Amino acid sequence: MSLSVARNRAAVAGILLLFALPLMAAVFPDPTIDDKNLQGDQTAVLAGGCFWCLEAVFEQLQGVEKVVSGYAGGHVPRPTYEQVCSETTGHAEVVQVTFDPSVISLRDLLEVFYTIHDPTTPNRQGNDEGTQYRSAIFYGNPEQKAVAEEVTRAFAPTVWDDRIVTEIEPLAEFFPAESYHQGYFRRNPGQGYCRAIIAPKVAKFRKAWEKRLKP
């Protein structure tokens, strides 16, 4: 993602979420973890391309308390956006989603996650190419790892025909992105990228997941 370079993801955006309504009926055989029984707010850190797009979707879900755009999965402390885009730090663009598991489970979040980005293209989302755009789930504990593996094994293949390349790895540290990235779509609805790419994607998401939206 770049503020100065247009990144057209229309081809991907056009197919994402078309499967969402039938997928909501998907059944997981004997879930190993019932994370709706967890107490207190939990966090999930997810990478699926542009963090503006992920943030714009997740913050609209019931049970989601906060979404912060940032960086994870790299080896340089407190990286800048420019460093991450240079592909020298190993970080991915991510969102940190704080949620109430009594309202929405990690499994629910991951089902949404797998319908709003393409997890079959290594280091790429549409025209966005680079390791910072990889698909990844960063887990914070063994329970989150188990849920991530289960959803990736049982749910994602019902959405996508090609091999899932989403990485599932432990979260070492999450670094918030610069302030101008936070709430970008909400604050800049008239910006060209927001109008052309994010707005249509959000509209499709809202139609597909209407019952899970905040009032």
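Tutor: Begin with a pair of strands. Strand β2 (residues 64-72) and strand β3 (residues 92-99) pair in the antiparallel sense over eight bridges. Keep in mind that this is a predicted model.

Student: What holds strands of a sheet together in general?

Tutor: Strands pair through backbone hydrogen bonds, and the pairing is either parallel or antiparallel.

Student: Which pairing, parallel or antiparallel, joins β6 and β7?

Tutor: Strand β6 (residues 135-139) and β7 pair in the parallel sense, over four bridges. One of the bridges joins F138 to E169 in β7.

Student: What is the order of the strands in the open sheet?

Tutor: The six strands run β7-β6-β1-β3-β2-β8, and the pairing is mixed. β7 (167-170) and β8 stand at the edges; each has a single partner strand, so one side of each lacks a neighbour in the sheet.

Student: Why is β2 described as largely enclosed?

Tutor: A residue counts as buried when its relative accessible area is under 20%. Seven of the nine residues of β2 are buried, so the rest of the structure largely encloses this strand.

Student: Now a helix. Which way do residues three or four places apart point?

Tutor: An α-helix has 3.6 residues a turn, so residues at that spacing point the same way. Take helix α9 (residues 192-208) as the case. Its buried residues are Y193, C194, I197, I198, K201, V202, F205 and A208.

Student: How far does α9 reach from its first C-alpha to its last?

Tutor: The 17 residues of α9 reach 24 Å, close to the 24 Å expected at 1.5 Å a residue. At the start of the helix, a side-chain oxygen of Q191 comes to within 2.8 Å of the backbone nitrogen of Y193.

Student: Where in α9 does the kink lie?

Tutor: The kink, of about 40°, lies at I198, shortly before the proline P200.

Student: What does I198 touch, leaving aside residues up to four places away in sequence?

Tutor: I198 touches W52, C53, A56, F185 and Y193. In the largest nonpolar core, which has 48 residues, I198 is among those with the most contacts, along with F58, L109 and L110. A second, separate core has nine residues, including V45, A47, V68 and V94.

Key
Residues numbered from 1 in each chain as written. Predicted model: local features only at pLDDT ≥ 70, side-chain atom pairs only at ≥ 80, totals over all residues. Heavy atoms only, no water. Buried < 20%, exposed > 50% of the residue type's maximum accessible area, 1.4 Å probe, protein only. Helix = DSSP H or I, 4+ residues; strand = E, 2+ residues; numbered from the N terminus. Pairing = 2+ DSSP bridges. Expected span 1.5 Å × (residues − 1). Bend = angle between axes of the 7 residues up to and from the residue. Polar contact = N/O pair within 3.5 Å; in protein donor to acceptor, adjacent residues only side chain to side chain. Core = buried A, V, L, I, M, F, W, Y, C linked by side-chain atoms within 4.5 Å. Contact = heavy atoms within 4.5 Å.
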